[in-house]
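Visitor: I'd like to learn how to read charged side chains in a structure. Can you walk me through it?

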Amino acid sequence: MILLRKRHPMLRMCIRKDQDGVFCFQEMDKVDFRQLGTRDWRNVMEESLLEKFDAENGPLWRLIFLPNARYKPGTEIRDTTSYPNECICIFGFHHLIIDGPSLTRMFAEFINYVERLSNNEEPEVSSMPLLPSCHVYLHEVVRSKWYHCLMTAALNIFSLLPCFPVFMMGVVFGMNRKGNVFTQKYGIEVQRNPEIQPRTKIIPLEFSKKDTLSLLQKCKEHQTTVQGAIQAAGGVAMATLLDENEFEIECMITVNARPFFKYRVPNEYARPYLGFISCKNSFIRSPDIVKFWCMAKSISNDIHAKLKKNEHMKIALMFDYMAPMLSRLFKSTNKDDEHGGRSKNLIVYNNLGNCKFLHGSPDDDVIIRASFGCTAEHQQGSIFANSIITFNDQLFWTVVYYSNITSETMAQRYAGLMKETILKAI
């Protein structure tokens with residue numbers, strides 16, 4: 001942790017007010033390392049998502065080491081490799097200091113440091129420079145209009161009106177008192193069980209090397225992407241849950257913004273540089289193989305068209321202008337829990353791609369056997385979220401749900417439908 005902290009400026013930061021009363025990053029010298037004897041790593045991970053970071057004093061990240069915990073893949077995964085020194089590490093980060101692409105690169109650095117230290121080698125680590133925030137690069141890619149500054153001031157004034165925050169949350173995030181089609185059909189769990197603890201929960205899925213290779217080959221054969229196939233499977237699963245033969249589903253996709261900047265920002269630089277794409281696609285609940293791949297290709301083409309138009313950067317720029325009033329908006333909508341803070345986006349996807357730099361073999365001193373991740377969104381967000389990463393020729397898929405919104409039974413059904421749809425298609 002000390003080496004990672006030395007390497008990455010954002011891992012040394014806390015958030016404090018300066019002399020003018022403006023919140024800004026300031027350096028501090030703390031680390032948060034914990035060791036627990038439990039084997040229940042999923043519960044530890046879910047509980048850690050409930051614990052807020054001490055922004056003023058820091059640090060804004062933590063590592064929980066579980067030396068006795070073991071990862072057990074699904075019964076369909078035939079892994080006979082022995083891992084005598086297996087353990088589980090749970091990293092937690094404030095989203096102001098990191099994003100998915102830089103986190104995966106940090107895992108590679110972490111493996112390297114652990115391996116070298118285990119061989120009694122002292123890694124030479126120097127700090128990366130402190131780079132500007134996404135805000136600076138956004139304005140270089142998407143030109144600001146003259147009325148944007150006026151819009152920010154006007155929004156801050158209007159946000160003082162009682163009904164305006166709810167109105168804006170409906171316009172920007174699709175949150176309204178009527179909820180979305182899922183909450184209208186099923187309601188939310190906290191209404192049926194008021195004593196339930198709102199939690200962000202996960203269902204870890206793993207595809208075998210054979211199935212992962214087959215998925216990649218089928219995507220290439222049908223001129224689509226893994227993202228298109230995953231999104232098609234998610235849409236089919238949601239249409240099935242909603243009992244609709246054909247249904248149009250809205251979702252949100254996170255995008256690594258670094259490749260779109262005019263100036264190079266390394267993928268390994270820890271700081272959130274994200275864009276967002278909003279998609280609306282039609283799905284049928286029981287597609288044959290031909291129809292499934294047609295949907296996947298259509299989704300993939302839609303995403304690429306939006307990327308070419310820089311739509312992901314435009315949405316990020318809109319969030320940037322609204323940043324001063326976002327906390328006020330979220331606090332105001334928390335008072336109305338009729339639909340659990342769910343947006344019109346039924347599903348969120350975060351696909352980190354094929355991370356070849358994480359590849360390892362059983363002969364290596366240190367490898368990553370599996371990786372699962374999520375963002376805490378039990379207060380506001382979608383119905384389900386999906387975090388996908390591929391390395392060592394295997395696809396790892398985290399299905400995320402929220403205890404105050406859906407039951408575990410419903411979430412397991414959704415996850416099962418998605419995986420079943422993919423396996424049938426390949």
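Visitor: Let me start with Arg116: is it buried, exposed or partly exposed?

Guide: Keep in mind that this is a predicted model. Arg116 has a relative accessible area of 28%, so it is partly exposed, because that label covers values between 20% and 50%.

Visitor: And which residue does the side chain of Arg116 meet in a salt bridge?

Guide: The general idea goes like this: side chains of opposite charge can pair when their charged atoms come close. Here, Arg116 pairs with Glu121, with 3.5 Å from N to O. Glu121 is partly exposed too, at 38% relative accessibility.

Visitor: How many salt bridges does the structure hold?

Guide: There are 19. Take Lys306 and Glu311, whose closest N and O atoms are 3.7 Å apart. Lys306 counts as buried at 16% relative accessibility, while Glu311, at 27%, is partly exposed.

Visitor: What about Glu206 and Arg369: are they buried or exposed?

Guide: Both are buried. They form a salt bridge as well, and their closest N and O atoms are 3.1 Å apart.

Visitor: Where do Glu206 and Arg369 lie?

Guide: Glu206 sits in strand β6, residues 200-206, and Arg369 belongs to the loop between β9 (347-354) and β10 (384-391), so the pair ties together parts that are 163 residues apart in sequence.

Conventions. Residues are numbered from 1 along each chain as its sequence is written. This is a predicted model: local features need pLDDT of at least 70, side-chain atom pairs count only at pLDDT 80 or more; totals for chains, interfaces and linings use all residues. Side-chain values use heavy atoms; hydrogens and water are left out. A salt bridge is a side-chain nitrogen of Lys or Arg within 4 Å of a carboxyl oxygen of Asp or Glu. Buried means under 20% relative accessible area, exposed over 50%, partly exposed in between (1.4 Å probe, protein chains only). Helices (H or I, at least four residues) and strands (E, at least two) are DSSP runs, numbered from the N terminus.
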